[in-house]
Amino acid sequence: MRPQDINILIACEYSGNVREAFRAQGFNAISCDLLPTERPGPHIQGDVLEVIADQKLITPGGSGFHAMVAHPPCTYLSTSGIHWNTHVPGRKEKIPPRERAKLTEQALDFARALMDANIPHIALENPQSIISTRIRPKDQCIQPWQFGHPESKATWLWLKNLPLLRPTNVLPLPSVGYWENQTPSGQNKIGPSAERWKMRAKTYDGIATAMATQWGAYLTSVQAGQTFPRPPVKARSKGQCPRPSRR
Ligand SMILES: C[S@@+](CC[C@H](N)C(=O)[O-])C[C@H]1O[C@@H](n2cnc3c(N)ncnc32)[C@H](O)[C@@H]1O
């Protein structure tokens, strides 16, 4: 099967970064988000669960999506978010605990629906998240500094029928002892603003390119009926987070 015949849904993506990385490799990639796309390209603005339910109507020849890369919201799933929203004095907690618990369960239901979607190959990405304890353990932890960006942001991946991502350009920790997106104490540098979540949620270009080239090659070989030369994900990963070497 040619890349252009392989349909890939990039779920919960407004930036267009992963979509355009797959399209650059020739795949028929389309993104979906409640928000409009930031970069011009094939995008459905709406609920991704409806898009998945209607996939036969949306895809060429009714063939459905062959693969999905999903970036569900982490607001009620990230372990750090849960921690600072409930325990750290001085941080504003605007949502009462009972409502927050309900929103957490809804967020888990959404992640579960994406992981269980009727699509043969699925990658779901989130920061350190209760998905691992409430749904299933992560398969891999990656960092932007493994893909050419001198920044730290532990990103967890849950993979169905996809290989682990291989680092493409591993950078050492700068001699100052912290990454370019961090303060000396290791906090994220981006100050509070309405756009903060957007800046932090965007997929790094280096990671998007690695997904498109490595998973794209895997999907092409699987669709062509070839055996992919890498062992299955479970055999090689315990999901540990990588540690940087020092400069
Ligand atoms: C953490 S952000 C992911 C951003 C992504 N990494 C990117 O580069 O655009 C989560 C996104 O999920 C979207 N979202 C939330 N619920 C959704 C739904 N039911 N259907 C489609 N998108 C949804 C939000 O609008 C938000 O843009």
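Predicted model: local features only at pLDDT ≥ 70, side-chain atom pairs only at ≥ 80, totals over all residues.
View 1. The buried residues of α8 include a run from Gly 206 through Ile 207, Ala 208, Thr 209, Ala 210 and Met 211 to Ala 212. Trp 215, Gly 216 and Leu 219 of α8 are buried as well. The packing partners of these buried residues are α1 (17–24) and the strands β4 (67–70), β5 (121–127) and β6 (140–142). Just after the helix, Gly 225 takes a positive phi of about 80 degrees.

**View 2. The open sheet of 7 strands.** The strand order is β3-β2-β1-β4-β5-β7-β6, and the pairing is mixed. β3 (43–45) and β6 are the edge strands, each pairing on one side only. From one strand to the next, the twist averages 20 degrees. Strands of a sheet pair through backbone hydrogen bonds, either parallel or antiparallel. β1 and β2 run parallel and are joined by 5 bridges. Ile 8 has Ala 29 in β2 as its bridge partner. Helix α1 packs on the sheet and touches β1, β2 and β4. The direction of α1 makes about 175 degrees with that of β2.

**View 3. The shell around the ligand.** The ligand has 18 residues around it, of which Cys 12, Ser 15, Val 48, His 71 and Ala 201 come nearest. At least two residues of the shell are supplied by β2 (28–33), and at least two by α2 (48–53). Sorted by class, the shell has 10 nonpolar, 4 polar and 4 charged residues.

**View 4. Cys 12, in the loop between β1 and α1.** Cys 12 has a positive phi of about 60 degrees although it is not a glycine. Cys 12 counts as buried because it has 20 C-beta neighbours inside 10 Å. Cys 12 is also one of the residues that come nearest to the ligand.

**View 5. Asn 161, in the loop between β7 and α7.** The elements on either side of this loop are β7 (155–160) and α7 (196–201). Asn 161 is not a glycine, yet it has a positive phi of about 55 degrees. With 15 other C-beta atoms within 10 Å, Asn 161 is partly exposed.

**View 6. Thr 75 and Trp 197, apart in sequence and 9.3 Å apart in space.** Thr 75 lies in the loop between β4 and α4 (79–86). Because 16 other C-beta atoms lie within 10 Å of its own, Thr 75 is partly exposed. In sequence, Thr 75 and Trp 197 are 122 residues apart; the 9.3 Å is taken C-alpha to C-alpha.

**View 7. The whole chain, for orientation of the close-ups.** The secondary structure of the chain comes to 9 helices and 7 strands. Of the 247 residues in the chain, 35% are buried. Among contacts between residues at least 6 apart in sequence, 63% join residues at least 24 apart.

Key. Residues numbered from 1 in each chain as written. Buried ≥ 20, exposed ≤ 12 C-beta atoms within 10 Å, placed from the backbone. Helix = DSSP H or I, 4+ residues; strand = E, 2+ residues; numbered from the N terminus. Contact = placed C-beta atoms within 7 Å. Near = placed C-beta within 6 Å. Nonpolar A, V, L, I, M, F, W, Y, C, P; charged D, E, K, R; others polar. Pairing = 2+ DSSP bridges. Axes fitted to C-alpha atoms, helices over the stretch in contact; angles between N-to-C directions.
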